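Hi everyone, thanks for coming. Have a look at the model on the screen, and I'll talk you through a few spots in it.

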Amino acid sequence: MQKNTFYSRVIAGTMTWGSWGKGFSKSSIIEVMNHCVDEGISTFDHADIYGGYTTEEDFGNAFKDSNISRENVQFISKCGIQMDADARKNHVKHYNYDTEYIIWSAEQSLKKLKTEYLDMLLLHRPSPLMQPDAIAGAITKLKDQGKIKSFGVSNFLPSQIALIETALPVEGNQVEFSLTQNEVMNDGTLDDALANKRMAMSYSPLGSYFRKDDKVSQRIKKAIKPMLEKYEATEDQLLLAWAMKHPCGILPVVGTATKSRLSAAMDATRINIEKTDWFIMLEASNGQEVA
């Protein structure tokens, strides 16, 4: 398992805090930030594109006026996706991992988040035009200048990580992983994280369970019904506990901005699902027993 002594066991995802979701005011962001910290959620996950390139700045303005010490929290952000938005005009969606762009983008995130460093910078999605030496040049310079502490990727397959590692180490990978979206267990992605001691993060850790009333969700609901009382847990807590059971030490990036659900997510870290129950849940999701 990847040892994690720095980031919180649950990560607060900020994607919906701004214009892509709740549209929080500065005071509301400060309130939720403080609640997270009080609950032991000290790591905040960002991306430059969130809110059409505006959420980092909303968060940073709030953080500046909060009483939270920078040393007590961790900021993760991502770069590379070029999308058309009011704040940045692009005539075609694409990726950019040129040396100069990565440096500029990281510096923009620092400026907006009102911080002198990022705890981790991620490449948001793999690009067919990635050049490892160009990426290494940017990351090395940013690390040497103290602007980022560590470097990782998001949505990368093991082969794509191996490509980057011809030039520099990759310390983390953030991927979609949940009971209902568990392909990364089978394509080598989580094996790679475990074998190479990379920090493994999962976004959308509840999957489609609450979004879709389909056969998959119905099977899972039936399977976990007796587990609710057994583990004294809610459905979302069992889903999080299932993901965190994986030996690579998944850190779930929870997208909720509701304080009670953030508290519940931290409470899920106390649940150790028994191995047979874990496979009962997997069987319900897949619709068949394991081979």
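So, salt bridges: searching the whole structure turns up twelve of them. By that I mean a side-chain nitrogen of Lys or Arg within 4 Å of a carboxyl oxygen of Asp or Glu. Before I go on, this is a predicted model, where local features need pLDDT of at least 70, side-chain atom pairs count only at pLDDT 80 or more, and totals for chains, interfaces and linings use all residues. Residues are numbered from 1 along each chain as its sequence is written, and side-chain values use heavy atoms, with hydrogens and water left out.

Let's take Asp45 and Lys78, whose closest N and O atoms are 2.7 Å apart. Asp45 is in strand 2 (residues 43–45) and Lys78 in strand 3 (residues 74–79), so this pair links parts of the chain that are 33 residues apart. Helices and strands here are DSSP runs, H or I of at least four residues for helices and E of at least two for strands, numbered from the N terminus. Are these two buried or exposed? Asp45 is buried at 1% relative accessibility, and Lys78 is buried too, at 0%. Buried means under 20% relative accessible area, exposed over 50%, and partly exposed in between, using a 1.4 Å probe and protein chains only.

Next, Asp65 and Lys26, with a salt bridge of 2.8 Å, N to O. Asp65 belongs to helix 3 (residues 55–65) and Lys26 to helix 1 (residues 26–39), so the bridge ties together parts 39 residues apart in sequence. Here Asp65 is partly exposed at 43%, and so is Lys26, at 40%.

One more: Asp192 and Arg198 meet at 2.7 Å, N to O. Asp192 is buried at 11%, and Arg198 is buried at 3%. Through shared partners, salt bridges join Glu165, Asp192 and Arg198 into one network.

Now the nonpolar side. A nonpolar core is a set of buried Ala, Val, Leu, Ile, Met, Phe, Trp, Tyr and Cys residues joined through side-chain atoms within 4.5 Å. The largest one has 77 residues, and Met33, Ile102, Ile135 and Trp242 touch the most other members. Helix 9 (residues 235–244) supplies the largest share, seven residues. Apart from that core lies another, of nine residues, including Tyr7 and Val253.

What does Ile102 touch? Leaving out residues up to four places away in sequence, its contacts (heavy atoms within 4.5 Å) include Cys79, Tyr97, Ile135 and Leu142.
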